[in-house]
Amino acid sequence: TPSTTTGRLANFVDSRVGASGMVKEFGRKIFPDHWSFMFGEVALYTFVLLLLSGTFLTFFFDPSMTHITYNGSYVPLKGIGMSAAMASTMDISFDVRGGLFMRQVHHWSALLFVASLSVHMLRVFFTGAFRRPRELNWVVGGVLLIMGLAAGFTGYSLPDDLLSGNGLRIIDGVMKALPIVGTYLSMFFFGGEFPGVHVIPRLYSLHIMIVPAVIILLLVIHLFMVVTHKHTQYPGPGRTNDNVVGFPVGPVYAAKAGGFFFIVFGIVAFISGLFQINPIWNYGPYDPSPVSAGTQPDWYIGFVDGALRLMPGYLGNFSFEWIIPFPWGDNTLVLSVLLPALVPAGVLFMVMFAWPWIERWVTKDNREHHLLDRPRNAPFRTAMGAAGVVFYCVMWAAASSDLIATHFHVALNDVTYWLRILFFLGPIFAFWITRRICLSLQRKDREIVLHGREAGIIQMSPEGGFSEKHEEVDVYKRFLLTSYNDNKYIPAQPDAAGHVSGSEKRRAALSKFFFEDRVAPVTPSELEAAHAAHGHHEVEGEKQDS
Ligand code: HEM
Ligand code: HEM
């Protein structure tokens, strides 16, 4: 037994909790190192900041819609009627010591949280980290994304200022646009007619309890799966599908990650101390009549707002009203423009969730993958991702259509028309251009492997000709350029009865479209032939484009 009190205490706890076994097991885990694995970490740390700053805010925030007269330190709003929620947020900003700073920490962390988890998701997508066995973790991640948006939206609505009220009004409209259930849903959510007096307390329960609890639960599952699957790694010599090359969690990663947490904390604190965010005193309390020009939702809600602005009004003005008879009375079904506005977001999320299976269906690649793809080596996936990003960004840009119009002195309607065209053509162009770039990069890689890297040294031959010296690439680079997972066109396969089904034909057509002009990786025999032709150590006398 240890002689010191702390030692005995530690032993006491350990023999009952068994923590040292866990720490040993987890501490020996090897974690590969790459800057792109940082985004998931940033998401995690900003979430911790949200929990800390959010808890501080709960000490002072009053989630009540009781109408009161503001009487705090901010003189311009003195004597103005507002909800207790808004007044308490004003107090947090002007009368609670450190309150404004904490509000800003909370808001800036929220913005950074959703940004980092989005970039993290793009990293996972473009490197193919969602492939077997990580498909389920991709889905858990997708739900985390949606919960992140839900957390942001419910939080944004709490202060009950003009902006947050207008956001809620749009949600009310979206709910009411749902056929048949819409009006009931809205009445249920708001406890009567919008805005009513119940919605802030309800959003509060969602915001500080239910949504964070779901996020924490999913995060535990998410990170547990990262540990059991082991982290993926980028290809390199000695790295295979069956090993992980990197540093152990303890002590290297624990120290790095701990330090990184404080860096993220410091950066958020720095931004929050210097840059104002959501100055509700400029917007004033919520009132259904005014909407100020140039207002924007938080960035991650922008794409939904933009989709709404892009939808042609007549989509909702068919004035087709169906009277649907129910036993308890007739119901009117009216199609509203708000409903089609939700379709693009729905499509985006559906494709996102289904992507691992879509890709597996097209490629017939059902192997486990622990080595990541370089994006160029999966041109079709990279191109689809770029198309998705452009689709999203066009909607996002549309959320600022009024600001684009006023800043560039163009007509608002023209901005909308152009963005509508881009909404359809943008993703197609993005797909096409990205795929061409990937294929070109692959061709360039091939050339570098076979003929060496241009050294920038011009040599004169005894005959008087000029040529550029080419240097052979090193082992690491050669490995990177030659060893990658290669999917190719797989023609339609007949089933057991010798029959080719319609879905198999469609799959084959897609497979052909994706892989027809793929650039095959360099084979060992090609490499040998190139070496024999150039001599082993120095590859000389190659013209640039041979
Ligand atoms: C891996 C955290 C959301 C899919 C990871 C890792 C962390 C993390 C720390 C390991 C390090 C890394 O690869 O970056 C989080 C947090 C999230 C979140 C805190 C948000 C609350 C998402 C989303 C997706 C996703 C939205 C995709 C839709 C994955 C996958 C892995 C992973 C597939 C395994 C990657 C690999 O082994 O290469 N996550 N994540 N995560 N995450 Fe997330
Ligand atoms: C308000 C986001 C988690 C407590 C807000 C606001 C946002 C937000 C954008 C508006 C802030 C403003 O006034 O400018 C998020 C996100 C979260 C999260 C994205 C998690 C992913 C939490 C948690 C708590 C919390 C865990 C409590 C334990 C509060 C409170 C307010 C608030 C009390 C109202 C005070 C205020 O508006 O200043 N949240 N939050 N939040 N949040 Fe959160």
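Predicted model: local features only at pLDDT ≥ 70, side-chain atom pairs only at ≥ 80, totals over all residues.
1. Local features need pLDDT of at least 70 and side-chain atom pairs count only at pLDDT 80 or more, whereas totals for chains, interfaces and linings use all residues. Residues are numbered from 1 along each chain as its sequence is written, ligands are numbered from 1 in the order in which they are written, and side-chain values use heavy atoms, with hydrogens and water left out.

2. The iron atom of ligand 1 is coordinated by NE2 of H120 and NE2 of H222, at 2.0 to 2.1 Å (donors are N, O and S atoms within 2.8 Å of the metal, or 3.2 Å for Na, K and Ca). Its six donor atoms give angles of 86 to 179°, and the site is octahedral (six donors, with opposite ones over 155 degrees apart and all others between 65 and 115). Because H120 lies in helix α5 (residues 99-126) and H222 in helix α9, the pair ties together parts 102 residues apart in sequence (helices are DSSP runs of H or I, at least four residues).

3. For the iron atom of ligand 2, the coordinating atoms are NE2 of H106 and NE2 of H207, at 1.9 to 2.0 Å, and H106 in helix α5 is 101 residues from H207 in helix α9. H106 is buried, with a relative accessible area of 16% (buried means under 20%, with a 1.4 Å probe and protein chains only), and H207 is buried at 15%.

4. The largest nonpolar core has 74 residues, and V199 and I215 have the most contacts inside it (such a core joins buried Ala, Val, Leu, Ile, Met, Phe, Trp, Tyr and Cys residues through side-chain atoms within 4.5 Å). Helix α9 (residues 199-229) gives the largest share, nine residues.

Conventions
Buried < 20%, exposed > 50% of the residue type's maximum accessible area, 1.4 Å probe, protein only. Helix = DSSP H or I, 4+ residues; strand = E, 2+ residues; numbered from the N terminus. Tetrahedral: all angles 85-135°; square planar, octahedral: opposite > 155°, others 65-115°.
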